[in-house]
Amino acid sequence: MPFVTPESMQAHYDVIVVGSGAGGGQAAYTLSMEGARVLMLEAGRRYVPETETPMFQTPDEAPLFGEGTPDKPFGFYDATVDGGWQVPGEPYVSDEPAPLGFTWWRARMLGGRTNHWGRISLRNGPYDFKPFMRDGHGFDWPIAYEDLAPYYDKVEMLVGIYGSNEGLENTPDSPPGCLLPPPAPLVSDYMIRKHATALGIPTIPAHRAVLTTKLDATNIPARLHPGNPAAQHILATAMRERGACLWATACGRGCSVRANYQSPTVHLPPALATGRLDIGTDAMVYEVTLGPDGKARGVSFIDRRTGRQHTLRARAVVLAASACESARILLNSKSAQFPNGLANSSGLVGRYLMDTVGSTVEAQIPRLESLPPLNEDGADGHALYMPWWLYGEQKAGRLPFARGYHVELGGGRRLPGFGTPSSMQWLSPGGYGTKLKQDFRRYYGSFVSFTGRGEMIPNERSYCEIDPTVKDRWGIPVLRFHWDWSDHERLQAAHMQRTFADIVEAMGGRLRRPIETDGAKAISQGGSIIHEVGGALMGSDAGRSVTNAWGQTWDVANLFVADGAVFASNADKNPTLTIMALAWRTADHMLERMRRKEL
Amino acid sequence: MDRRTTIKWLIAARAAWPLRGLASVASRPASAAGYGTDPDLLRHYAPGELWPLSLSARQREIAAVLSDLIMPADEGSPSASAVGVVSFIDEWISAPYPEQQQDRTVILAGLTWIDAESVRVFGRPFDAVAPDERRQLCDRVCDVASADPADAEAAHFFDRYREVTAGAFYSTPEGRRDLNYIGNVPLTSFPPPPLELLRRLGLA
């Protein structure tokens, strides 16, 4: 069945899944592996990482040394297709310009942003589901860690996550058999760990979706699909086809040997192999259609290749188009029954957008100069990180901000490129000629970076709505964003800067630039960390949330949201793993209801 | 440096010194399209393939001399011009993107300035003076922070030109080898750092 056009789509499906990224990929996987007939609609083009990924290409082979341009903002070799901070013909509106206004990264490709993401895969901890209960800010989720833990287990086993169990506060361990061994740390990691530990900051193996070994295709399939030998067989085959990491070439380009997680190499191949998944690409969904019974009938979309509108039907609809795009579809699905947008009787669709607080410090460490040549490509991303460690301080009221952050470490002898010398020039002011070449040899590989990623508390001032006038190239009304951090986030960003400077000082290092102690200047632009979640929050009260604990909209029984839109809080943990765990749980719930003929 | 300042500066240079065959340095917007949002990522792109190069022969001569002053040949690697940096710079300043268009203005004006300044100070163009004399000019403008205010714009040009030259240089295979980069090769496993090294650094 696999890839279909509007002409070859069937008249009726069990489930239409809108979006093909982490949420859509997981929902389509679970639904089709367990018997449902699914149509996935993706706004972008078909994308085949096995044949399209620039593995091992070097900067000299790319235009402009691979540097970012408005066409490819994260560099020529970034996996993103037809996307970036702007998508041609698909504008959005921010109430304020950069750096204050919200910025929105989109991709128009199969697998969406799972193709280029950082692969950082952290579980939310028990505190992260009950933040309001702990400190009176934001909202509690209608589920607890225990509800989602089995799904974290499953996702980790399915996609392959490296990491370790350290038994730290609000930093959950995984059961045996879930995690792959973490990669060896770099020399700079050892040095940071030594000095951070002395400052009381734990430094432990990162969790990332990269296969440091091949997956256990013998045992995992039976644990993920008990009683379903056909699904087990399909999954075992798909797992065997995935190669382990080659310890080279950046994950953000995608991976032709399928060693990291991207939806088109992990979720979609087994789902397609069931014969129950159809995928329609270039299908820009703009509306969920409503039947006279108050249930969703299906969706309407525009075929981007022809510009024609099509409408399809299904027993249930899953929105997983990304937090903001799913909110946009709901808000644009207006009817007599829902004049303000579908499933929006609470008025909360689009509300409480959250991103991650970001702040970075770079430094040079004299003791790392002139080291012998080592291959430090590793698994590309960081091997070690620092989970939030000051829960006790916060509880005792000794910090001026309510929520924590984790720290991602950078360092090592990375593939040189256009930006490499300018990152070293500050150590040789005025330098040129032979002396400059000698300086670069000495300094190359002696740099470290600390990247803070912190929790944002949802607020009333950060939301999206439909712009009253602006439309995209297909005439679909676009989103208007409103954004504001609170002092909790700004002070947290300032704390990151001071903390990282302390570690650099302990290492005997030099800061590339003075730290920024004004939180408003230290903090990243809203949306720029590309962790936007919220907009259709799950809750336990129909008047105060958009979906219930299953991602099922309160207003429309057969309409589900399975992306970051349902997040009731945005812990410092990167959202992708939680999106997948929630999507699996939602799909399980849908399957159960379909078996009971309730859907 | 905005366009207006550049032009003012050029008019001053022209008034003082004939520009000796240099092509017009007025910044013209590139008319070519970029590579778009869905380019083929697997092809090897050579400078000039995606948009036409635009440095004149004379500009390339000066660019080569200046690039080789910044990244000369030594025991670790060849000079910038020997690894194709001039063509890379030409590709860069000819590109139809805003950042590169801004660099075009700065770099074309700067190449004109350094040649004219060489004539003014030494009576001969930049590529005809002795290496020491070239270095005298560069020493005046190589550090934005300490340059004479009268040379401020030239210092900004030099700073950016050095950034582009060195960026191009270390993007090449020769540049990677110069830094002793030995990665970007497939491995079956990723070993930890040698224990001896960790011990020497007090980390094991």
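Biologist: How many helices and strands does chain B have?
Modeller: Helices (H or I, at least four residues) and strands (E, at least two) are DSSP runs, numbered from the N terminus. Chain B of this predicted model has 8 helices and 0 strands. Along the sequence, the pattern of chain B reads α-α-α-α-α-α-α-α. Residues are numbered from 1 along each chain as its sequence is written, and chains are lettered from A and ligands numbered from 1 in the order in which they are written. As the model is a predicted one, local features need pLDDT of at least 70 and side-chain atom pairs count only at pLDDT 80 or more, while totals for chains, interfaces and linings use all residues.

Biologist: What percentage of the residues in chain B is buried?
Modeller: A residue is buried if 20 or more other C-beta atoms, placed from the backbone, lie within 10 Å of its own. In chain B, 39% of the 204 residues are buried.

Biologist: At what angle do helix 2 and helix 3 of chain B pack?
Modeller: Axes are lines fitted to C-alpha atoms, for helices over the stretch in contact, and angles run from 0 to 180 degrees between N-to-C directions. Helix 2 (residues 57-70) and helix 3 (residues 85-93) of chain B pack at about 120°, and their axes are 9 Å apart. Angles under 35 degrees count as roughly parallel, over 145 as roughly antiparallel, 65 to 115 as roughly perpendicular and the rest as oblique; helix 2 and helix 3 of chain B are therefore oblique to each other.

Biologist: Which residues of helix 2 of chain B meet helix 3 of chain B?
Modeller: Two residues are in contact if their C-beta atoms, placed from the backbone, lie within 7 Å. B:Arg60, B:Ala63, B:Ala64 and B:Ser67 in helix 2 of chain B meet residues of helix 3 of chain B, including B:Val85 and B:Ile89.

Biologist: How many residues of chain A are in contact with chain B?
Modeller: In chain A, 56 residues are in contact with 54 residues of chain B. Helix 6 (187-198), helix 13 (419-422) and helix 14 (434-443) of chain A each supply at least two residues of the side that touches chain B.

Biologist: In what order do the strands of the open sheet in chain A stand?
Modeller: Strands of a sheet pair through backbone hydrogen bonds, either parallel or antiparallel. Two strands pair if DSSP finds at least two bridges between them. In chain A, 3 strands form an open sheet in the order 4-17-16, with mixed pairing. Strand 4 (93-94) and strand 16 (463-471) of chain A stand at the edges, each with a single partner strand, so one side of each has no neighbour in the sheet. Strand 16 and strand 17 (residues 477-482) of chain A pair in the antiparallel sense over 5 bridges.

Technical notes. Buried ≥ 20, exposed ≤ 12 C-beta atoms within 10 Å, placed from the backbone.
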